[in-house]
Structures are given as C-alpha cells and as structure tokens.
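Colleague: Please take a close look at one hairpin in this model. Then set it in the context of the rest of the chain.

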Amino acid sequence: MRISTSMLNENAVNAILQDQAELAQTQNQLATGKSINSPSDNPVGMVQVLQLDATNSQYRQYVTNGQSANTNLTLEENALTSSTTTLQSIRDLVVQANSGTNNSSDLQDIAAQISALENQLQGTANSQNAQGEYLFAGFSSGTQPFVRGATGSMTYVGDPGTNTVPIAGGTSVQTGDAGSSVFMNLPAGNGTFATSAGAGNTGTGVIDTGTVTNATSWNAAVNATPTGAPFTIGFTDATHYTVTDANGNSVGSGTYDATSGGAIAFDGVQVGISGAPAAGDSFTVSPAGKQSVFDTLDNLVGALNNAGSTSAARAQLGSKLNNALQGIDTALQQVSTVTSNVGARLNLISSVNSSLQTASTTVQSQISNLSDLDYAKATAAYSQQYIALQAAEQSFADINQLSLFKYL
C-alpha cells in the first residue's frame, strides 16, 4: 500500500489532536476534581449522577421547608406559652376577687389588672414572625387577626384556614394555627351547659358551673325545647324550688337547705347552689354555645367594675366569677392542647429532617463514588498522556523531514 505524504501528515495530525484532547480532558478532571464533567466523559455515569442530584435537591428542599416550618412553629409555641402565663395570672386574680374580702375599690383595681393582661393577651394573639406575617391569621397572614369592633368586642378578621408544607415524600406539616380555633370558638360554660344567676335575685345564692351525669338524658331534654333555650331553677321560697324547661314544663323540684347548700339534679345534669336564695330568685341552665376568651374577660372586667356592695350583688358576682373561672380554664385547656399539637409537629420535623440529612449524606456519597476523581490515577494518566503527546509531536517532526531529495 502506498502512503502519500498528505495521508501521512493527516494521520499524524489526527493522532496528535487525539492525544491533545485526552490530555485536555485529564487536565480538566484534575482542575475540577471530577471524573465526569460532561456526558461524553461517561454517558451512563452522567445519567446516574443527574438522577442522584435531583433526588438530593429534593431532599434539600424538604429540609428547607422543615426549617422554615420549625421557625414559625417555635414562634407560635413561644406565643402560646406566653398566653398560658397571662391566662394563669388572670385566673389568680379571679380567685383573689372571689375571696369575699374585697371592697368595691379592690375589685376595680383587680379589674384594671385583668384589663391590662387582656391587652397583653391580644398583643400575643397578634404576634408576627420576622417577615411581618401574623402567626394566628391563617391564610390571611398579612392581616392583623384580632381587632376591637365598633361595639368594643374583640373580632377575629383572620382566616380559619392553615398553611401546610411538604417535609418529605407523602408527609406534610401544618405550619401554624388559626386564631379562631385557639382563642375564639371555645365552648361556653362547662362545655355542655352554662349557668347564670338571675339579674333580679335578692338572696345570696351562688350557682356553680355544674356537671353532666347523663349526657343522653340531657341531649333528649335539649332537643325537646327551642334551640339554645334555658332551663330555669325558680325558688318559690327560701327552701323550695322548681325546675322548668323553656316550654313551661316542670322537670324537677325539691327542697333546699341554705345552711349546707346542695346539688340540684334534673334531665342528666347537676348544679350546685350555695348561700341563701330568696323567694322569687332564679337561676338558668342553658345549652353551651361558643364564646371567645376575650368575651369571657370583657364580661369579667365589667362584672368587677360594676359589682355592688350588697349581699345579693356579691352573690351575683360570685356566680359570674365561677363562670369566668370556668371560661379561663377552658381557654387554658385549649391553649394547652394546641401547644401539645405544636410540640408534636416540631418533633415530627426534627425526626424527618434527621432522616433526610442521613439520606442526603448517603446520596452524596453515591454521587462522590460515581464522579469524584482518583487523583493518583489521573495524575499518572496525565504524565503518560503528556509524554505520548510529546513523542507524537517529535516523531511527526522527524518523519516530516524525510525526503529522497535529501539523498540526491
């Protein structure tokens, strides 16, 4: 086979270019520390690396979501802890007011303290995160959720919904709680019914918040009367009472001993009355509705500021304070329940993030095994390729000088 000069030159140049390309590839690998820098380096390996990178990116996003949720929930937990402290302080003041040793001025001082603590509770309920978003506003995080309405009562203008974020495949976490479920829609009274003393009572009878002894009987009695209608305990004299429903039907009667007080039971419920009711005094037992903690505190402050000094007025105050204590205890229980739920969510985030960190480390190790460069092997290859390139260049230069004209 005849080899022309042009063919010889072309083959030699192609070989040199190939050596240069291999040397450049190895040099690039040494510079980046990666054995795969482009799909052509290792097509199969590159596909695996890209898949692992996508998985690891998803893990990192889940971790970021969890950290963001953790920040919000920690702020909420702090706000709930502060609310608990405030409500407990108010409860202590109510117990103090209910001791029976306070004059009107003392009660008004206590009312002022409770009013200040209520303002503090409102501020806590309007807490914001670092981005200025309200923690208890639901989806309306840019709107202050708790405001005083035109009538002076507290109004919730936030949204009842709650945001959630994914923190792992198939696992999401709620990042907050709507203020309506924490502070507003609380069961009134003992959760089943609420008691109150008649405004015109002249005796010293005080009613407690009562208990349920047979829920089935109570529900049947409530269903037989207009919605929300009260049952009335009326005293015909100081020692005898009758219980009537909203339809005027008698559902119970009995004798009351003012020296020892006693329980009055009817239709599956039981209430305790202490003190000495007078003839014509009445007490009501109504199916429980919903009431906000702010309404409870507003009513409490009003009762303390307007408390009379007569025995009858103080008895009515006692009934109102009993109801206020029940309302505050209900609020404390609700805040405690939400706090426990927040704690459970924080624990879930911590557990999931820990698992994700471990999984991410494993994936990163797999990526490293596929793409990280073996420097010793690459350095040796670089030296060999460099020498080969030099030899190819030198041999081409030498061969290119060969010609018959040199020997003529």
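**The hairpin and its setting**

Modeller: Two residues separate the strands in the hairpin of β3 and β4, where G170 has a positive phi near 80 degrees. This is a predicted model: local features need pLDDT of at least 70, side-chain atom pairs count only at pLDDT 80 or more, and totals for chains, interfaces and linings use all residues. Residues are numbered from 1 along each chain as its sequence is written, and side-chain values use heavy atoms, with hydrogens and water left out.

β3 pairs with β4 (residues 171–174) over four bridges, in the antiparallel sense. Pairing requires at least two bridges found by DSSP between the strands. A168 has T171 as its bridge partner in β4. Element names follow DSSP runs numbered from the N terminus: helices are H or I of at least four residues, strands are E of at least two.

α2 gives the most, with six residues. By class, this lining has eight nonpolar, 14 polar and two charged residues. For these classes, Ala, Val, Leu, Ile, Met, Phe, Trp, Tyr, Cys and Pro are nonpolar, Asp, Glu, Lys and Arg are charged, and the others, Gly among them, are polar.

The largest pocket has a volume of about 430 Å³. Volume is the space filled by probe spheres set on the points, with grid points joined across faces, edges and corners. The largest pocket has 23 lining residues, and Q291, N299, K320, N323 and A324 lie nearest its centre. β5 (186–187), β6 (193–197), α6 (293–305) and α7 (311–371) each supply at least two of its lining residues. The largest share, eight residues, comes from α7. The lining of the largest pocket holds ten nonpolar, twelve polar and one charged residues.

Now a second hairpin. β12 and β13 form it, with two residues between them. β12 (residues 262–266) and β13 pair antiparallel over five bridges. I264 has V271 as its bridge partner in β13. In the loop between β12 and β13 sits D267. Its phi is positive, about 45 degrees, although D267 is not a glycine. Most residues other than glycine have a negative phi. D267 is partly exposed, at 25% relative accessible area. That class lies between buried, under 20%, and exposed, over 50%, with a 1.4 Å probe and protein chains only.

β7 (residues 206–207) joins β13 (residues 269–274) by two bridges, running antiparallel. There, V206 is partnered by S274. β8 (residues 211–212) is also joined to β13 by two bridges, again antiparallel. T211 stands opposite Q270.

Next, a loop residue. T225 lies between α5 (215–223) and β9 (231–235). T225 is buried, with a relative accessible area of 9%. A polar atom of its side chain lies 3.0 Å from the backbone oxygen of V222. T225 also touches F231, D245, A246 and N247, leaving aside residues up to four places away in sequence. Contact here means heavy atoms within 4.5 Å.

One more residue of α7 is worth a look. Q364 lies in that helix. It is partly exposed, at 38% relative accessibility.

Last, the whole protein. Its secondary structure comes to eight helices and 15 strands. Of its 408 residues, 37% are buried. Among contacts with a separation of 6 or more, 68% join residues 24 or more positions apart.

How values were computed
A polar contact is a pair of N or O atoms within 3.5 Å; within protein, one must be able to donate a hydrogen and the other to accept it, and residues adjacent in sequence count only if both atoms are side-chain atoms. On a 1 Å grid over the protein atoms alone, a cavity is a set of points where a 1.4 Å probe fits but cannot get out, and a pocket is an open set with protein on both sides within 12 Å along at least five of seven lines; lining residues have an atom within 4 Å of a point.
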